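Subject: Structure handover

Hello,

Here is the structure I promised to pass on. Please open it first, then read my notes below.

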Amino acid sequence: AGGAAPGADAEDEDDDLLADAYAEAVARLGACRPPVVEVTVDVDRARYDRPADSAAVHERAFRAAATAQAQVLRALLAARVDPNWQEPKSRRTALHAACLVGCEASVAALLAARASTAVNDASGRTPLAIAKQRKHVTLTAALVQEVRTQ
C-alpha cells in the first residue's frame with residue numbers, strides 16, 4: 001500500500017546522523033571561542049611623570065594597536081595617552097601598527113583620538129601607505145577620507 005519507498009528508513013537514519021554530527025561540531029566550535037572579556041585600564045597619569053614610565057604607557061598603547069587589542073587601546077586613549085607617540089626604533093605610531101595588522105577597530109579609535117595620518121616611519125611610510133601595501137581596502141578608504149579632512 002502507501003508505505004515508504006525502499007531505503008527511506010536508511011536515508012532518514014543518515015539524515016539523523018548528519019544532524020547529530022552537525023550539532024556536535026557546532027557545540028565544539030562554540031566551546032573553542034574565546035570568552036568576551038571586558039577590560040578596564042586605569043592609568044594614573046600622576047604616577048607616570050618620569051620619562052621612562054611615560055614611555056612604558058605609550059609603548060603599551062603601541063603594543064595594543066600592534067596586537068589588535070582595540071579595547072585596551074581605547075581605554076589607554078581615554079586616559080589621554082598620546083596617539084602620535086612614535087616607537088623609537090621603527091618610528092611607527094600606533095596608527096602604523098594598527099594598519100600593519102589590519103585592525104579596523106583600533107584604526108577607528110586612533111582616528112577618533114586625532115592620530116596623525118601624516119607621520120612617516122623610519123622607512124618613510126605613512127599609515128595610509130602601509131594600509132595600501134597590505135591591501136586593507138576598508139582601512140585605506142577610511143584613511144583617505146581622514147587625510148582629506150585634516
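How many helices and how many strands does the secondary structure of the protein come to? There are 7 helices and 0 strands. Please keep in mind that this is a predicted model.

**Overall picture**

Reading from the N terminus, the elements run α-α-α-α-α-α-α. The protein has 150 residues, and 34% of them are buried. I also looked at contacts between residues at least 6 apart in sequence. Of these, 63% join residues at least 24 apart.

**Helix α5 and its partners**

Start with α5, residues 104-112. Its axis comes within 9 Å of the axis of α3, which covers residues 70-78. The two cross at roughly 10°. Angles under 35 degrees count as roughly parallel, so α3 is roughly parallel to α5.

Which residues make this contact? From α3 come A70, L73, R74 and L77. From α5 come A105, S106, A109 and L110. By class, that contact has 6 nonpolar residues, 1 polar and 1 charged.

Helix α5 also packs with α7, residues 137-149. Here the axes are 10 Å apart, and the angle is about 10°. These two helices are therefore roughly parallel to each other as well. On the α5 side, E104, V107 and L111 make the contact. On the α7 side, T138, L139, A142, L143 and E146 do. The classes in the contact of α5 with α7 are 5 nonpolar, 1 polar and 2 charged.

Now look at burial within α5. S106, V107, A109, L110 and L111 are buried there. Of these, S106, A109 and L110 take part in the contact with α3, while V107 and L111 take part in the contact with α7.

**Salt bridges**

How many salt bridges does a search of the whole structure find? It finds 3.

One of them is in helix α2, residues 51-66. There the side chains of E59 and R63 meet, at 3.5 Å from N to O. The two residues are 4 apart, about one turn of the helix. An α-helix has 3.6 residues a turn, so residues three or four places apart point the same way.

R92 is partly exposed, at 23% relative accessibility. D121 is at 6%, so D121 counts as buried.

D121 has a further partner. It forms a salt bridge with R125, with the closest N and O atoms 3.6 Å apart. Shared partners join R92, D121 and R125 into one network.

**Cysteines**

How many disulfides are there? The count comes to 0. A disulfide is a covalent bond between the sulfur atoms of two cysteines. Take C99 to begin with. The nearest cysteine sulfur to C99 is that of C103, 9.9 Å away. To count as a disulfide, the sulfur atoms must be within 2.5 Å. C103 is in no disulfide either, with the sulfur of C99 as its nearest. C99 counts as buried, at 0% relative accessibility. C103 is buried as well, with a relative accessible area of 12%.

**Backbone points to check**

Most residues other than glycine have a negative phi. Which residues are listed here with a positive phi? Among them are R80, R91 and R114.

- R80 has a phi near 70°. It is found in the loop between α3 and α4. With a relative accessible area of 66%, R80 is exposed.
- R91 has a phi near 65°. This residue is also in the loop between α3 and α4. With a relative accessible area of 35%, R91 is partly exposed.

Best wishes

Note on methods. Residues numbered from 1 in each chain as written. Predicted model: local features only at pLDDT ≥ 70, side-chain atom pairs only at ≥ 80, totals over all residues. Heavy atoms only, no water. Axes fitted to C-alpha atoms, helices over the stretch in contact; angles between N-to-C directions. Parallel < 35°, antiparallel > 145°, perpendicular 65-115°, else oblique. Contact = heavy atoms within 4.5 Å. Nonpolar A, V, L, I, M, F, W, Y, C, P; charged D, E, K, R; others polar. Salt bridge = Lys/Arg side-chain N within 4 Å of Asp/Glu carboxyl O. Buried < 20%, exposed > 50% of the residue type's maximum accessible area, 1.4 Å probe, protein only.
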